Amino acid sequence: MSEPSAVDPTAGRSLSQELQLMTEALAATRSQDEIFQIIQNAALRVLKATGGAVLLLGDAGSTLNVAASQGWAGNESIWQQVPSDLSTPAGVALMSKQALYFERQSVLLETYPQLVERSDASTPAACAVLPMYLDEQPLGVLIVEFQEPHAFPRVERRFLPILAAQCAVAIGRARAVQDLEAQVAGRTRQLDEERAALDAFVDYSELIGTETDVSVLAQRAVEVLRARFAHCSGGYYGRSGAVWTLRSWTSDLNQRPEFLTRLRSELPSDMPLISELLRTREPTFTGRWDAENAATHHGGVYGTVAAYPVIVGQAMEGFIVLGLRNTPEWSARDRAIFRTVGRGLTLALERSEQSLRLAAQNAELEARAQALEAFARFTEASTRVTDVLVLAEQAKDVLRATLGDLSVAYYELEDEPLESACAVRRYSPATAQTARQGFPADLLSRARPFQGRRVVFSEEWDAQQEGAVNTETYGAVALYPYFEGDVPHSLLTMGTQMSQTWTEQERDVFLSVSRSLGLALERTQAARQLQAQKDMAEHRIQALEALMQLTQGPGTTTEPQALIRQAQELTLDLLPPGFAAYYEPQDERWRLCVQTGDAGSASLQAAIDDGFPIGQTPSFDVVAQTGEPAFVDTYIQDIDVSSGQANHVAAHATLPLLVEGQFRGIFNLPMFQHHQWTAADRALLITTVQYLGLVLARAQSYEALAESNRELQATNNELEAFTYSASHDLRTPVRHVMGFAELAQKALEKTPNEKAQQYLGIVKQGAQRMNALIDGMLVLSRSGRQELDMRPVDLNELVTQARRDVEAEFGEHPVRWQIGDLPQVQGDRDLLQQVISNLLSNAVKYSSGREVSDVRVWSERTPSEWRVSVQDNGVGFDPRYADRLFGIFQRLHSERDFQGTGVGLATVKRIVLKHGGQVFAESHLPAGATFGFTLPAGR
């Protein structure tokens, strides 16, 4: 190391200045080597010495060793490895605490002749030996050598001890700094280790709150201990029956595989350490560990050992063991840490055990819930599902979900063998194959339930005795028989390989599921029968519905024979082969009116065409007399016709046809094969003939109504023609009256006569009113006679035109219009314009007494029509006389209040009716009225 610049030699520098510079340099120095260099450089430079050394006491304190030297040039020196006793000048100076100055070599050798013996070492010509003490403790000596004799003046003898003292202080300070740095480094390492241990412990604490795997928890526990105790080995032993095996261990053991192999060997429970844990159930801390006394031959490297028992429930499931090397005793803090880790592992394992128990309970509850859900689904399905195999499959699932590992099968009896009708579970391949192939119906085990008509629980199953091959693995079997009526139908079986007996729960569940399946089977059988009946009756119902439609209207015809033929066709579709014939009494015989189907023989057809004599045909006569239908399952031959004519007729039904309560004829249905007339057949035919009577009555009503409408239409046409003719005929005399009245008024202008003028004015006004009435009658007549020119009409355009006409008619009278959006309809544009104009004109006329007329027009849509309304704020009308509003010449207000002819609303009604609509009026006294009409709505 280079010498600090602070002590570089400078000419004329005093010893005190040199000491000052040296002190400053030493204050900035931290290592012994730098100290030695500064001291030696100072001595050589100031005193002109040629060499020197620093000797320090060894660890044992018996020798002085060279710590640093200068100027020896590789030669051996008398100062190397000298004893620290009185035999050497260095030892004397150190022990006496006095500096020794040898100004000549001879003095040194005379005083210490033994130095002569070290011929291999050089002896200085002069030297100074200066003791160094630190805090009253010997530290070493400082040697200064000269190649020539040297006198040590007083100033040097003061300088050198100070130099030695400064060196001692600097060495002490450097050692203190080194010790402090070592302590800081050690403490830092300790803090790092403790921090790592704390981090590991925090991770471990978090882990025990979430982890349930025992191996993971145990491994993390030993890792925490390893992080806390640097020089340790440890592990977790778990119970394996009566012995204990190493499950987890600290990582350092992986570097010692042979030792780890010995540790992993099984440990018996009578080992002292383990037996102590089993006995006390408390952690043990053994100081000054003796592996031989502990009955273990692989723990001698440890100074102390601790073990913590892991108690879960009432049993010790394992233990943590930890050995510390070079540590004879356990401190209280270390014991607490070890207990904490052990307690944490115990709590974690307890929680893990609880989690496992809870998981098992949850699994059991889930299984029960699934079983209940399966049973609920099966119960619900048994009330609606009609497929027996689907229900049997669900019953099997319910039994397995509820009772566990069972074999379940459902068999149906088909041509003697009992064949498996649904999938088989938990059977061996051989048993499954046998089950699928079926079992003989008379097999002892299978026949017993059918013979006793009861469930059979067979315990301690003997396959050979029962005659059931490939069932030797079963311990108990249950069988539930099903019947269709009194006939054996099927069998539900359940077998277990886990037990020789059935528990009460298993019996109850099997009975419950089997009974539910039985009820479902009964319902399915009933549903099948009902379906068959439904299939047979479906065509009848369809025909009956078709016949019922006849009562809704006359259809395409009102001709009675066509209607009767339609009824015959409908009934024949519902019955066995035969034909239908309808007879009415004429000329003392039952005459054929309508026949559908062939009579089956020419002779019978000839007799039918000729007619049967009334009073000699019992099958018809009795029905006509009593008014009651006759249903004959077996027809008596020759009762109505000559011998042999009706041999092919086996049964018949004969019913009276009543129209409006009056007997009309006989509805006869001969069948070509024997037929038992059921209640459904009877009800169907009676209803059919009754409906036919209603249809015929309605057809008569329609015909009468049509004739009445024709007569009414003719009358209306005549009335309209008369009205039109009368209107034209009246115009001429009225025109004459008005003309002559005007001439008379002009003649009176020459000879004024006030009375005559007044009378003539009245005559003229009457003629004008008469003319207006005639115009109204003509409009009304034209609206009835005019053919409709149907086309799309936008009512918004009609309202716009009507507003112009009304505003022109009423001049300056203010009107506030509220016009909504109106539809497009199908109609005659000109006639509908009259309707709109009349309604808007009336609305303004009857509200003209208001300062402002409020007129609102809007429309509303219903499924079948448009409803158009016109509302005003006028005088309204008395609701009691609303039915008179739309009559011709009907007025509810006087002529002097409101002018008019009484024809406008009548014209509106006739036009609207002609369009297929209706008119209406509503009064809102005293706030006006609403008039309107409806028109059919298009698509």
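How many bridges join E25 to strand E27, and do they run parallel or antiparallel? I looked this up first. Five bridges join E25 to E27 (residues 853–861), and the two strands run parallel. I note here that the model is predicted.

I then traced the whole sheet. It is open, has five strands in the order E25-E27-E28-E30-E29, and its pairing is mixed. E25 (815–819) and E29 (919–923) stand at the edges. Each has a single partner strand, so one side of each is left without a neighbour in the sheet. From one strand to the next, the twist averages 15°.

I looked for a helix on this sheet and found H21. H21 lies across E25, E27, E28 (865–871) and E30 (929–936). Its direction is at about 170° to E30.

**Entry: H21 against H22**

I followed H21 (residues 829–845) to its helix partner, H22 (residues 904–914). Their axes are 9 Å apart, and the packing angle is about 145°. The crossing is left-handed. On the H21 side I listed Leu831, Leu832, Gln834, Val835, Asn838, Leu839 and Asn842. H22 brings Gly904, Leu905, Thr907, Val908, Ile911 and Val912. I sorted the residues of this contact by class: eight are nonpolar, five are polar and none is charged.

**Entry: H1 against H2**

The axes of H1 (residues 15–27) and H2 (residues 32–47) come within 10 Å and cross at roughly 165°. That makes H1 roughly antiparallel to H2. I noted the crossing as right-handed. H1 makes the contact with Leu15, Glu18, Met22, Ala25 and Leu26. H2 answers with Ile35, Ile38, Ile39, Ala42, Arg45 and Val46. By class I have nine nonpolar residues, no polar ones and two charged ones.

I checked the E20 end. E19 (residues 589–596) pairs with E20 in the antiparallel sense over two bridges. Trp590 has Phe612 of E20 as its bridge partner.

**Entry: Met95**

I found Met95 in H3 (residues 89–96). Leaving out residues up to four places away in sequence, I list Ser84, Asp85, Leu86 and Tyr133 as what Met95 touches. I also looked up Pro138. Met95 and Pro138 are 43 residues apart in sequence, and 8.0 Å apart in space from C-alpha to C-alpha.

**Entry: an aromatic pair**

The structure holds 19 aromatic pairs. I picked out Phe102 and Tyr112. This pair is edge-to-face, at 6.1 Å centre to centre with 75° between the planes. Phe102 sits in E4 (residues 100–102), and Tyr112 in the loop between H4 (105–111) and E5 (126–134). The two residues are 10 apart.

Note on methods. Residues are numbered from 1 along each chain as its sequence is written. This is a predicted model: local features need pLDDT of at least 70, side-chain atom pairs count only at pLDDT 80 or more; totals for chains, interfaces and linings use all residues. Side-chain values use heavy atoms; hydrogens and water are left out. Axes are lines fitted to C-alpha atoms, for helices over the stretch in contact, and angles run from 0 to 180 degrees between N-to-C directions. Helices (H or I, at least four residues) and strands (E, at least two) are DSSP runs, numbered from the N terminus. Angles under 35 degrees count as roughly parallel, over 145 as roughly antiparallel, 65 to 115 as roughly perpendicular and the rest as oblique. A crossing is left-handed if the near helix is turned anticlockwise from the far one by less than a right angle, and right-handed if clockwise. Contact means heavy atoms within 4.5 Å. Ala, Val, Leu, Ile, Met, Phe, Trp, Tyr, Cys and Pro count as nonpolar, Asp, Glu, Lys and Arg as charged, and the others, Gly among them, as polar. Two strands pair if DSSP finds at least two bridges between them. Rings of Phe, Tyr and Trp (its six-membered ring) pair if their centres lie within 6.5 Å; planes under 30 degrees apart count as stacked, over 60 as edge-to-face and the rest as tilted.
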